[in-house]
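Work through the exercises below with the sequence and the model at hand. Each task is followed by a solution that goes step by step.

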Amino acid sequence: MDAYLQGLFSHSRERIQPQAAHFVSVTQGLTRKMTKSDRIAVCIVVENLPVPLDRRVWKEACALTDAGYQVSVICPKGKGYEASRERIDGIDIYRHRSWEASGALGYLLEYSWSLLAELYLTLKVYSRTRFRVLQACNPPDTIFLIALLFRLVGVRFVFDQHDLGPELYEAKFGSRGGPIYAALRFLEARSFRLAHSCLATNDSFREIAIARGGKDPDSVFVVRNCPDLSTFDRPRPARCDKFGKAHLVAYVGFMGAQDGVELLLEAIDHLVRRLGRRDIHFLLIGDGTSLDELKAIVANRQLSDYVTFTGRVKHSQVADYLAQSDMGVSPDPKNPMNDKLTMVKILEYMAFGLPIVLFDLEEGRRIAGSAGVYASPNDPGDFAEQIAMLLDRPDLRARMGAAGRSKVETELNWGQEKKSLIRAYEAAFQDSHAR
């Protein structure tokens with residue numbers, strides 16, 4: 001292995017500093033395109049979802065490609081994304097086999113296997129592109145181990161923190177403390193320490209990177225997973241299908257144990273049984289590990305006349321559904337993890353001018369602001385009451401929707417966020433102190 005690495009890393013160290021200076025000179029603005037000879041290679045590693053299904057990673061890869069970088073992405077395979085190698089829009093995608101884990105031991109095995117597969121593929125990508133930047137997208141916080149190897153040849157490390165590993169473990173398993181929790185904190189700290197620059201999905205994550213990760217504030221950049229209004233904007237549907245009801249309420253997103261969809265179904269039951277509302281249909285858009293269980297709940301509670309599951313659909317179809325909806329809901333329960341997360345569904349609802357009902361979460365309130373009404377945390381009854389109140393107030397819905405749309409147009413859109421992404425890459429090369 002040592003001989004192989006020495007052969008693979010055949011470029012001498014004398015080339016690293018001139019290339020770093022060249023990188024800074026060619027990334028002074030998004031408007032300047034690199035020539036073919038200028039192109040600097042980037043490798044992005046993500047384990048959570050396949051690409052381009054992972055919309056955040058795909059938008060980042062496209063933004064870097066548009067700015068002139070040569071981008072390769074390493075990710076797992078998934079339904080509809082089984083090809084081991086694929087090139088889309090000038091981006092090379094390398095995929096490895098994976099599986100959906102459950103339980104602490106399952107996650108350990110999954111992450112260990114994925115790390116080995118990612119190491120193999122990064123070596124393959126490096127042999128072809130000699131990439132100068134490795135971007136790691138968590139969870140898990142183990143990809144820094146690969147970055148540590150490539151640091152030997154001067155590759156810069158960008159840590160893209162999608163989730164808070166310790167808080168995610170606590171939300172899934174209800175345990176704070178113990179050896180696993182301590183290990184997750186250790187891995188997160190190592191990722192921060194090795195990173196030349198960090199990408200935070202919101203201000204709460206940025207604060208954690210600075211306070212808990214010890215990062216220089218100038219090396220942490222907020223890059224929100226905001227809608228790209230050039231590709232995800234309000235279409236004009238040829239017909240409006242509300243499933244025979246007066247109102248259509250939409251949920252968009254993954255449906256797992258920690259996403260609160262079961263709380264939403266309890267709220268729907270409250271609306272139908274206790275409040276006597278027969279004029280609402282709920283459209284649940286997306287897939288997830290709990291989908292079959294959620295369908296069973298709907299059948300057992302005889303709510304099929306009020307709930308439709310679409311399964312996974314194309315991004316354009318999501319836009320069509322939202323364009324016909326009267327409201328968006330985000331039932332993610334309050335916990336240490338969700339309090340710090342920006343739910344992408346909230347931003348998508350705002351892009352379509354939809355008022356939002358959500359539980360009172362710290363980051364949710366920060367993002368939605370006057371576009372949302374906030375139910376008592378984890379109380380499906382109050383969640384139902386807020387839905388009913390909004391549906392009876394078309395004037396309030398219109399004001400809330402307009403406020404959310406205005407915020408997306410002026411602040412929370414991908415056109416703004418990708419500028420921060422490019423600045424993070426510039427900072428990765430400007431930061432030259434030893435780690």
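**Exercise 1.** Determine which residues ring pairs link into a cluster with Phe131.

*Solution.* Ring pairs link Tyr126, Phe131 and Phe150 into a cluster, where rings of Phe, Tyr and Trp (its six-membered ring) pair if their centres lie within 6.5 Å, and planes under 30 degrees apart count as stacked, over 60 as edge-to-face and the rest as tilted. The model is predicted, so that local features need pLDDT of at least 70 and side-chain atom pairs count only at pLDDT 80 or more, while totals for chains, interfaces and linings use all residues. Residues are numbered from 1 along each chain as its sequence is written, and side-chain values use heavy atoms, with hydrogens and water left out.

By the ring rule, the count comes to seven aromatic pairs. Take Tyr126 and Phe150: their ring centres are 5.4 Å apart and their planes stand at 55°, so this pair is tilted. Tyr126 belongs to helix H4 (residues 103-129) and Phe150 to helix H5 (residues 144-150), 24 residues apart, and the pair thus links distant parts of the chain; helices (H or I, at least four residues) and strands (E, at least two) are DSSP runs, numbered from the N terminus.

Phe131 and Phe150 also form a tilted pair, with 5.1 Å centre to centre and 45° between the planes. Here Phe131 lies in the loop between H4 and strand S5 (133-137), 19 residues from Phe150 in helix H5.

**Exercise 2.** Decide whether Phe131 is buried or exposed.

*Solution.* Buried means under 20% relative accessible area, exposed over 50%, and partly exposed in between (1.4 Å probe, protein chains only). Phe131 has 0% relative accessibility and therefore counts as buried. Tyr126 and Phe150 are buried as well.

**Exercise 3.** Find which strands stand at the edges of the open sheet formed by six strands.

*Solution.* Begin with the order, which is S11-S10-S9-S12-S13-S14, with parallel pairing; two strands pair if DSSP finds at least two bridges between them. Strand S11 (307-311) and strand S14 (372-375) each have a single partner strand, so one side of each is left without a neighbour in the sheet, and these two stand at the edges.

Then look at one pairing within the sheet: two bridges join strand S9 (residues 247-252) to strand S12 (residues 327-330), and Val249 has Met327 as its bridge partner in S12.

**Exercise 4.** Identify the ring over which the charged end of Arg365 sits.

*Solution.* A charge sits over a ring if NZ of Lys or CZ of Arg is within 6 Å of the ring centre and within 35 degrees of the ring normal. For Arg365 the ring is that of Tyr374, with the charged end 4.0 Å from the ring centre.
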